[in-house]
Amino acid sequence: DLKALRRSVGLSFQQPEDQFFEQYVGDEVAFAARNFEIDEKISIVVEKAMRAVGLDFELFKDRLIATLSGGERRKAALASVLAGQPRILLLDEPLAGLDPISRQEVCGHLLELKKQGITLVISTHQYEGVIEMIEEISLFANGKDKVHGLPENLFFDSRDFKNYGIQPPLASRIAEHLRQLGWPITSGIISINELINSTSSLVSKGLK
């Protein structure tokens, strides 16, 4: 059932402009809901989708898409996909071209969607930004899945990644350096928050 499959999977393009059909934000976000014949009232679906990505409904529903910033366009494109109420989101370079603040905002909204039970499949070169939400990793080269597994395992023993010119996350590199200096840092650290928690715990116990 292709229609059911299309409804369950949403795709967000690398370039938001490539998926816009309408002039105004509200109409664009409503596009999928109208075409998929969502049971809820369209305005309610649109408001929920916009709120989920941090776009104020009243401020943005009548805004021309051409007047939006890069970060706002990214959010509008994501909201238009969410309005179709997918169970799986395919995201192509969702952080591309965003300034640090917009990147942090988009990551926060994606993490919240993940907590709500939506499966995220992210294609990206900027994995540092989405490290908090990664459960499994596949490294593709020449169209093939060359390396696959849990991030804490792959980044701890990162030889496979380095063979393809990819460095482990900054937190993993710092943790490894601290281990070499004699710090009893646990393995599997991949995010800055994990590193902060680990080092703070050691310092509080009197490690100098």
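Predicted model: local features only at pLDDT ≥ 70, side-chain atom pairs only at ≥ 80, totals over all residues.

Analyst: Start with exposure. Leucine 2 has a relative accessibility of 56%, so leucine 2 counts as exposed, the cut-off being over 50%. Leucine 2 sits in helix α1.

User: Is serine 8 buried or exposed?

Analyst: Buried means under 20% relative accessible area. Serine 8 is at 9%, so serine 8 is buried. Serine 8 belongs to helix α1, residues 2-8. Beyond its sequence neighbours up to four places away, serine 8 touches Pro86, Arg87 and Ile88.

User: And how exposed is isoleucine 174?

Analyst: Isoleucine 174 is partly exposed, because its relative accessible area is 33%. Isoleucine 174 lies in helix α9, residues 170-180.

User: Now pockets. How is empty space found?

Analyst: A probe the size of a water molecule is rolled over the atoms, and this shows where empty space is left. Here the largest pocket has a volume of about 950 Å³. Of its 29 lining residues, Ile122, Ser123, Glu136, Ile137 and Ser138 are closest to the centre.

User: Which element gives the most to the lining of the largest pocket?

Analyst: β3, with five residues. The lining of the largest pocket has 18 nonpolar, six polar and five charged residues.

User: What about the second largest pocket?

Analyst: The second largest pocket holds about 400 Å³. Its lining has 18 residues, with Gly10, Leu11, Ala32, Phe36 and Val81 nearest the centre. α1, β1 (9-12), α2 (25-35) and α5 (70-82) each give two or more residues to this lining. α2 gives the most, with four.

Notes. Residues numbered from 1 in each chain as written. Heavy atoms only, no water. Buried < 20%, exposed > 50% of the residue type's maximum accessible area, 1.4 Å probe, protein only. Contact = heavy atoms within 4.5 Å. 1 Å grid on protein atoms, 1.4 Å probe; cavity = no way out; pocket = protein on both sides within 12 Å on 5 of 7 lines; lining within 4 Å. Points joined across faces, edges and corners; volume = space filled by probe spheres on them. Nonpolar A, V, L, I, M, F, W, Y, C, P; charged D, E, K, R; others polar.
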